[in-house]
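This briefing concerns the ligand site and the sheet of the structure shown here. It is arranged by topic.

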Amino acid sequence: MEHRVFLITGASSGIGEATARLAVEEGHRVVLAGRRRELLERLAAELGGPERALPVTCDVTEWDQVRAAVAHTLEAYGRLDVALANAGVATPTSFLDEKGTPEDWRTMVLTNVYGPAITARATLPALRETNGHFVVTGSVAGRIPTPGSVYSATKWAVTGLAQNLRGELAGTGVRVTLIQPGLTDTGLIGPGRADHAKLDPADVARTVLFAVNQPPGVDINEIVVRPAGQVWHR
Ligand SMILES: NC(=O)c1ccc[n+]([C@@H]2O[C@H](COP(=O)([O-])OP(=O)(O)OC[C@H]3O[C@@H](n4cnc5c(N)ncnc54)[C@H](OP(=O)(O)O)[C@@H]3O)[C@@H](O)[C@H]2O)c1
């Protein structure tokens, strides 16, 4: 398998970090995008330094920064094969009570929906050059109703985004995969779910690599991956 260049948003922790680790383990190069520069630099150094991994400060809600991250990738490694639009945030919400503020809702919509949308726009010219792969982290929360949850609504939007993107890209050679993890043991989940069965971020990373390691003629559209024992409606 040839070695490819991955751009991963939300690479400073959790699923993005685990995917970066696995991609490098498989011989690929990674560009690590996120806002917490120190974590990105530490991870890049651990993964082998500039030959293998490059930290890029990037807020996915800012078009100029996302575009700059892609430009940085091309400057450093000359190509882009896989974009993983993974950055996301979650805060508890209710439409009825004071749980979470409308400002939290704005942040979730911008990060979880606008973020992957502009990541697609920014990466597609380079992905078309390589017959590359756009992967986006949705959620089980993007396929089931979750009363009161704006987070879930953003992930439903991600489900639609992946399908609409695949529709427009038909015939271009670019594949689109939606990863929908269930509960995963990262900083994103609230203390209320401490006792629930969880995936390890590395479990989700393996599903990403499974999708991108398929032959060019195979487009894994969606992967739902839950911890064993997670009930269907959570
Ligand atoms: N954990 C779960 O149970 C679960 C289940 C299903 C889906 N997911 C999804 O998985 C994805 C990754 O989350 P995680 O669980 O791995 O949690 P995490 O460890 O909190 O990771 C979230 C990542 O998103 C980045 N991020 C947040 N806002 C950003 C912004 N404006 N610009 C750039 N990066 C930003 C964070 O980096 P910085 O703070 O450094 O910017 C961090 O690296 C998210 O899309 C999440 O919705 C998680």
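**Ligand site and sheet**

G14 is part of helix α1; helices (H or I, at least four residues) and strands (E, at least two) are DSSP runs, numbered from the N terminus. The model is predicted, so that local features need pLDDT of at least 70 and side-chain atom pairs count only at pLDDT 80 or more, whereas totals for chains, interfaces and linings use all residues. Residues are numbered from 1 along each chain as its sequence is written, and side-chain values use heavy atoms, with hydrogens and water left out.

**Surroundings of G14**

- Apart from neighbours within four places in sequence, G14 is in contact with T186 and P201, contact meaning heavy atoms within 4.5 Å.
- Between the C-alpha atoms of G14 and T111, which are 97 residues apart along the chain, the separation is 16 Å.

**Ligand shell**

- The ligand has 29 residues around it, of which S12, I15, R35, Y151 and T186 come nearest; a residue is near a molecule if one of its heavy atoms lies within 4 Å of it.
- By class, the shell holds eleven nonpolar, 14 polar and four charged residues. Here Ala, Val, Leu, Ile, Met, Phe, Trp, Tyr, Cys and Pro count as nonpolar, Asp, Glu, Lys and Arg as charged, and the others, Gly among them, as polar.

- The side chain of S13 has an N or O atom 2.8 Å from an oxygen atom of the ligand; a polar contact is a pair of N or O atoms within 3.5 Å.
- The side chain of D59 places an N or O atom 2.9 Å from a nitrogen atom of the ligand.
- For G88, a backbone N or O atom lies 3.3 Å from a ligand oxygen atom.
- Of the 870 Å² of accessible area that the ligand has on its own, the protein covers 94% (Shrake-Rupley method, 1.4 Å probe).
- Helices α1 (14-25) and α5 (150-169) are the elements that give two or more residues to the shell.

**Sheet**

- Seven strands form an open sheet in the order β3-β2-β1-β4-β5-β6-β7, with parallel pairing; two strands pair if DSSP finds at least two bridges between them.
- Because β3 (53-57) and β7 (222-225) stand at the edges with a single partner strand each, one side of each is left without a neighbour in the sheet.
- Strand β2 (residues 29-34) runs parallel to β3 and is joined to β3 by five bridges.
- In β3, L54 stands opposite V31.

Conventions
A polar contact is a pair of N or O atoms within 3.5 Å; within protein, one must be able to donate a hydrogen and the other to accept it, and residues adjacent in sequence count only if both atoms are side-chain atoms.
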